[in-house]
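Me: I am new to this structure and would like a short walk through some of its parts. May I start with the strands and move on to the helices?

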Amino acid sequence: MPTVLSGRALAVTATATALLATALTAHAATAETSAAATTDKVLVIGIDGTVLDRVKAANAPNLNGLMAQGLTAKSTLYANPMAATSSGPGWSTIATGVWPDKHGVKDNTFAGKNYTAYPDFLTRIENAKPSLNTYAAADWEPITSTDAGGPIFSAKVDKRLSLKGDRDGYGTEDPKIAAAASAELQGQNPDAAFVYFGQVDGAGHAYGAASQQYLDAIGRVDVMVGQLLTAVQSRPTYAQENWKILVTTDHGHTDAGGHGGSSIQERGTFVIAKGAGIPAGSVRSDVKLVDVAATALAQVGVDPGSAIDGIPLNAPDDNDPFDTLRPNLQGRVDETGIPAGVKGFTHTPPAGWAVDNSKMGTGGVTEWAGWAFATDEFWSQAQRDQWRELNVRSRDVFAVADSDEWDDKSHTGSYDSTLITPKWAVTGGTTKNLTFQTHYHHEAGQTAQVLVSYNGGTPTVVKSYTADAVAKAESLALQVPAGATDVQIRFRYAGTNNWYWTVDNVKLG
């Protein structure tokens, strides 16, 4: 006869069934979460001496594909006396995430290098997370070998491959680098890797960046870039991994061939990036070479804080108001040395800001008649080799007062212009921190002052520059007086045929 269950037994059975269902649901959710879990990894590909516009013109489907699938960002370098536009400073800047005034490498002798204080990003990863696997491969010896002043990537890196391609000609060992790195990427388990190719730079030296041979070299390296990408995508665990791919270069080349100087062609660099959080087909003007290391570190969860100059590509936009002016920039007026097609200056300040030219002389070079807003590509070409190229810590559009260039055309009176911020709300009795990037070149006879006024009162000087402040991150503590509800900052520069002052990313924190 059939078994009859009591009401109590039925209740127990129902409870057990419910508990089992709950357990099964939890187990399924855990399994789904485990399956969806990803491991963050990063690959940085360095291609020596490569001009971005020539990459776009070459038969380079892999590099151009990365641009279509991710970010393309042109950038410019320093020049002497900060450092030459050569490989030692360039790769040191990329690897360490700091500018040459910190890492100390000014040329290919590596004299003055300070990798102990500013190590490469793979070494920082090893120091912070030694369980992660790091890899570096190059056929320019200073990158991974102790020869010729290196290595840029230290002995702490788990695995380093160093070939001597520079002994027999630039990049002759590139195919071996590509094969070895591809095997490592596909068959082993690197969490962060750097792979270098040198032959494009060799073609630039031998034939010039305008040559067909230079395009051919880019095409050959593009095939090797494709090998690396295929190796990553062929990993057995690729579906559970989150890869960020970055491609960059250490300097540019002239059309005739060569680098090391201060021309915009030699200073030209780029960053291409693909990965989560990077919109396909995006283009940015605020990215710098130091951001490569910062992005690689962020990708694997290492935060160097303020120890490096770079900013991760995924970092929130700081909403610098000067950068909003880029669509309004115009071409040259009086500065005939700047190429006609370069749109890089305006006198119209961003919303809420103002320029007071009531004490400004009349005439002079139009572009610099009072505070202007400009890009590095525009301003640095106004006159080369006068330290304008050293303004590396400004990004995209910045404010510039340049009495030296203004004086190059007849005028009456002297240069005296004041840049004024909006009124920012404050609370009396508190301390506010005024931060900005500045690049100031001093000469007797000029003045540069930061002034502060509260509640519309008389501005008072809180900072005067009496010596060079080259590419500096400035921070000024402001003691807000009791009863103050707003503050306004002024940047006043005065002088005639002296030098200049730039200001960028002004924040009150």
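**Strands and helices**

Me: Which residue in β19 is the bridge partner of V450?
Reply: In this predicted model, V450 has K463 of β19 as its bridge partner.

Me: How many bridges join β18 to β19?
Reply: Strand β18 (residues 447–454) and strand β19 (residues 460–464) run antiparallel and are joined by four bridges. The two strands form a hairpin, with five residues between them. In the turn, N455 has a positive phi of about 50°.

Me: On to the open sheet, then. What is the order of its strands?
Reply: The open sheet has six strands in the order β9-β12-β13-β22-β17-β20, and the pairing is antiparallel. β9 (345–346) and β20 (469–479) each have a single partner strand, so one side of each is left without a neighbour in the sheet.

Me: How many bridges are there between β13 and β22?
Reply: Strand β13 (residues 397–402) pairs with strand β22 (residues 500–508) over four bridges, in the antiparallel sense. For D402, the bridge partner in β22 is Y500.

Me: Now the helices. At what angle do α9 and α11 pack?
Reply: Helix α9 (residues 174–187) packs against helix α11 (residues 212–233) at about 10°, and their axes are 8 Å apart. Angles under 35 degrees count as roughly parallel, so α9 is roughly parallel to α11.

Me: Which residues meet there?
Reply: On the α9 side they include P175, A178 and L185, which meet residues of α11, among them V221, M224 and L228. The residues of this contact of α9 with α11 divide into 10 nonpolar, three polar and one charged.

Terms used:
Residues are numbered from 1 along each chain as its sequence is written. This is a predicted model: local features need pLDDT of at least 70, side-chain atom pairs count only at pLDDT 80 or more; totals for chains, interfaces and linings use all residues. Side-chain values use heavy atoms; hydrogens and water are left out. Two strands pair if DSSP finds at least two bridges between them. Axes are lines fitted to C-alpha atoms, for helices over the stretch in contact, and angles run from 0 to 180 degrees between N-to-C directions. Angles under 35 degrees count as roughly parallel, over 145 as roughly antiparallel, 65 to 115 as roughly perpendicular and the rest as oblique. Contact means heavy atoms within 4.5 Å. Ala, Val, Leu, Ile, Met, Phe, Trp, Tyr, Cys and Pro count as nonpolar, Asp, Glu, Lys and Arg as charged, and the others, Gly among them, as polar.
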